[in-house]
Amino acid sequence: MKRLVDVAAIIRSKNSGPFELTMDVIFTDKDNYEKFLKGKYMNSHKISELYKIPLKDVVDIVEFPGALAVKATIIRPLPSGALGERDVYGAQQHVPLMMMELSGWD
């Protein structure tokens with residue numbers, strides 16, 4: 001089974017302010033980008049499942065065709081820098097997305 005890491009060139013996360021995280025998926029290949037969009041692999045339900053957050057905490061999913069990119073934004077479980085929060089910059093939160101299985105990709 002293919003995973004997102006097998007087909008995307010860049011998968012990263014970062015803060016989108018102190019209360020939100022954003023995950024970017026960027027492709028270098030238009031065919032893979034279009035296949036990813038057509039398969040509707042990145043949707044609110046999938047992000048909710050991967051990050052074990054309520055569906056209401058998925059803020060938005062935005063496609064950027066000119067950049068061959070898709071961005072998902074979620075509410076941070078803890079604000080950046082809050083007591084108990086372990087990733088102030090949000091730069092280590094892309095792993096669940098990276099390991100997402102792409103059923104039916106082949």
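**Salt bridges**

Reply: R12 has a relative accessibility of 37% and so counts as partly exposed (the class between buried, under 20% relative accessible area, and exposed, over 50%, with a 1.4 Å probe and protein chains only). The model is predicted, so local features need pLDDT of at least 70 and side-chain atom pairs 80 or more, while totals for chains, interfaces and linings use all residues. Residues are numbered from 1 along each chain as its sequence is written, and side-chain values use heavy atoms, leaving out hydrogens and water.

The partner of R12 is D24, and their side chains form a salt bridge with an N to O distance of 2.9 Å (a Lys or Arg side-chain nitrogen within 4 Å of an Asp or Glu carboxyl oxygen). This pair joins distant parts of the chain, 12 residues apart: R12 belongs to strand β1 (residues 10-15) and D24 to strand β2 (residues 20-26). Strands here are DSSP runs of E, at least two residues, and helices are runs of H or I, at least four, both numbered from the N terminus.

The side chains of R3 and E101 meet with N and O 3.7 Å apart. R3 lies in the segment before α1 (4-7) and E101 in the segment after α4, so the pair, 98 residues apart, links distant parts of the chain. Both partners are partly exposed: R3 has a relative accessible area of 28%, and E101 has one of 41%. The segment after α4 (95-98) also holds M99, which is partly exposed because its relative accessibility is 36%.

R76 and E85 make a further salt bridge, with their closest N and O atoms 2.5 Å apart. Here both residues are buried.

Over the whole structure, the search finds eight salt bridges. Those described above include one with both partners buried, R76 with E85, and one that pairs R12 of strand β1 with D24 of strand β2.
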